[in-house]
Amino acid sequence: MSPLKAEVAEDRCANGHGLKARPTGAGLKGKRMDLEFVRSQFPAFDSDVLAGPAFFENAGGSFPCRQVVDRLHRFYTDRKVQPGSPHPAGQSGGAEMDEARSRLAAMMGVAGPEVSFGPSTSANTYVLAQAVRLWLRGTGAAIVVTNQDHEANAGVWRRLADEGIEVREWQIDPETGHLDPADLQPLLADGRVRLVAFPHCSNVVAEINDVAAISALARAAGARTVVDGVSYAPHGLPDVPALGCDVYLFSAYKTYGPHQGILVIRADFGAELPAQGHGFNAGSLYKRFTPAGPDHAQVAACAGMADYIDALHAHHFTSEPDPRLRNRAVHDLMRAQEVTVIAPVLDYLAARNDVRLVGPRDAARRAPTVAVELQGPAEPVAQALIGQGVACWGGDFYAVRPLEAMGIDPRKGVLRMSSVHYTSAADVQRLIVALDAVL
Ligand SMILES: Cc1ncc(COP(=O)(O)O)c(C=O)c1O
């Protein structure tokens, strides 16, 4: 058995990743999310500075949960020596880094070595694209990219054209921003596509793409899938095997954690791609795509994200030993809360004839990241909203391609109001009142 296979098999034995067939939401103690409890987990809501405005810039970066802040502080005060070294602090620091990887992996239904950390998602896609460049160069292969993606999951792939790899664009509907799987099928028809890169949901369109169906289409055509989950993961960590993709990427700093990019790569694809780290580390899957030395403290602090999910589970549900099922239950709890809370602002915006709501009006079909095109530039309106006690932002959000594809001038940009599960109905009311005053 290869060292990579042995590493993953050992982890699977230790963690037992068989998902029991049990409905999510089973064991719910109450009917709804306890928002007071949720907000008590975030130091920001006790901060004189941060707790002031209603916060709608979560898609830029969420508030970190207390568990992450505490672990980061502990690492810098008590554990800041070389992790894994014989010093007792090196032992506990190294163990904490492993804990972050293995607990998040177990929650997402993958093996520990299938999770690795990098400086950001942009850095992770960059490294992955270097591996794909070597993998596909000179093979006559093609890849598919979308014009719905943030640039992090677009530019690095499009640049592979310089190597003679054919790049095909799967295009959104110019009116709605919808990415239709029916339009992917003809792009895959000749059997030359080896990779399809697409978002779980765009950071401006916000419609949730059917990752499982798209991944199945791609797999049937012999292509691997790379999914940008940055705009989705804050609304519930995914169950990666259920999505069926080969790579899933997201950013911890938008998911209640520290400034890290998290890369999930399934073991067989990770083994097929040429390693990008130090050559002697190539036998370890979680080191193959991390050429930079890891940020020890931040990796360790990512265990706080798992603590937070577990704290939410323990508060709302009866005890469940399987981390994957706990994560699924918390995912559904977060989504249900968000869908209810943002519906009024979607209705309000859809009813105005001086703004264009981007993406679906139905809260259940989208992430609660709400972008609108205004008659003029968005940035001054965001400035005016802060004067009304609402923090959001205007601009292109590095989603230049989708904005252009929908006929929105990126220099004018969109006003983006993004919420997560800790956003309250009162925050949404403040937003609506502020929008009424400013627009
Ligand atoms: C959808 C999406 N993908 C990728 C990224 C890039 O993530 P990072 O900042 O970790 O590079 C962002 C950042 O805003 C994003 O919104």
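Colleague: How do helix H12 and helix H13 cross, and how close do the axes come?
Modeller: This is a predicted model. In it, the axes of H12 (residues 303-316) and H13 (residues 323-351) come within 9 Å. They cross at roughly 80°.

Colleague: Is H12 roughly parallel or roughly perpendicular to H13?
Modeller: Roughly perpendicular, because angles of 65 to 115 degrees count that way.

Colleague: Which residues make the contact?
Modeller: From H12, Tyr308, Ile309, Asp310, Leu312, His313 and His316. H13 brings Arg326, Asn327, Ala329, Val330, Leu333 and Met334.

Colleague: And by class?
Modeller: Seven nonpolar, three polar and two charged residues in the contact of H12 with H13.

Colleague: Switching to the ligand. Which residues are around it?
Modeller: Ser120, Thr121, Ser122, His150, Ala152, Asn203, Asp228, Val230, Ser231, Ser251, Tyr253 and Lys254.

Colleague: How does that shell divide into nonpolar, polar and charged?
Modeller: Three are nonpolar, seven polar and two charged.

Colleague: Which side chain has an N or O atom 2.6 Å from a nitrogen atom of the ligand?
Modeller: That is Asp228.

Colleague: What about the ligand oxygen atoms and Ser122?
Modeller: A polar atom in the Ser122 side chain sits 2.5 Å from a ligand oxygen. For Ser120, an N or O atom of the side chain is 3.5 Å from an oxygen atom of the ligand.

Colleague: How much of the ligand's accessible area does the protein cover?
Modeller: 89% of the 390 Å² that the ligand has on its own.

Key. Residues are numbered from 1 along each chain as its sequence is written. This is a predicted model: local features need pLDDT of at least 70, side-chain atom pairs count only at pLDDT 80 or more; totals for chains, interfaces and linings use all residues. Side-chain values use heavy atoms; hydrogens and water are left out. A residue is near a molecule or strand if one of its heavy atoms lies within 4 Å of it. A polar contact is a pair of N or O atoms within 3.5 Å; within protein, one must be able to donate a hydrogen and the other to accept it, and residues adjacent in sequence count only if both atoms are side-chain atoms. Accessible areas come from the Shrake-Rupley method with a 1.4 Å probe; for residues, only the protein chains shown count as cover. Ala, Val, Leu, Ile, Met, Phe, Trp, Tyr, Cys and Pro count as nonpolar, Asp, Glu, Lys and Arg as charged, and the others, Gly among them, as polar. Axes are lines fitted to C-alpha atoms, for helices over the stretch in contact, and angles run from 0 to 180 degrees between N-to-C directions. Helices (H or I, at least four residues) and strands (E, at least two) are DSSP runs, numbered from the N terminus. Angles under 35 degrees count as roughly parallel, over 145 as roughly antiparallel, 65 to 115 as roughly perpendicular and the rest as oblique. Contact means heavy atoms within 4.5 Å.
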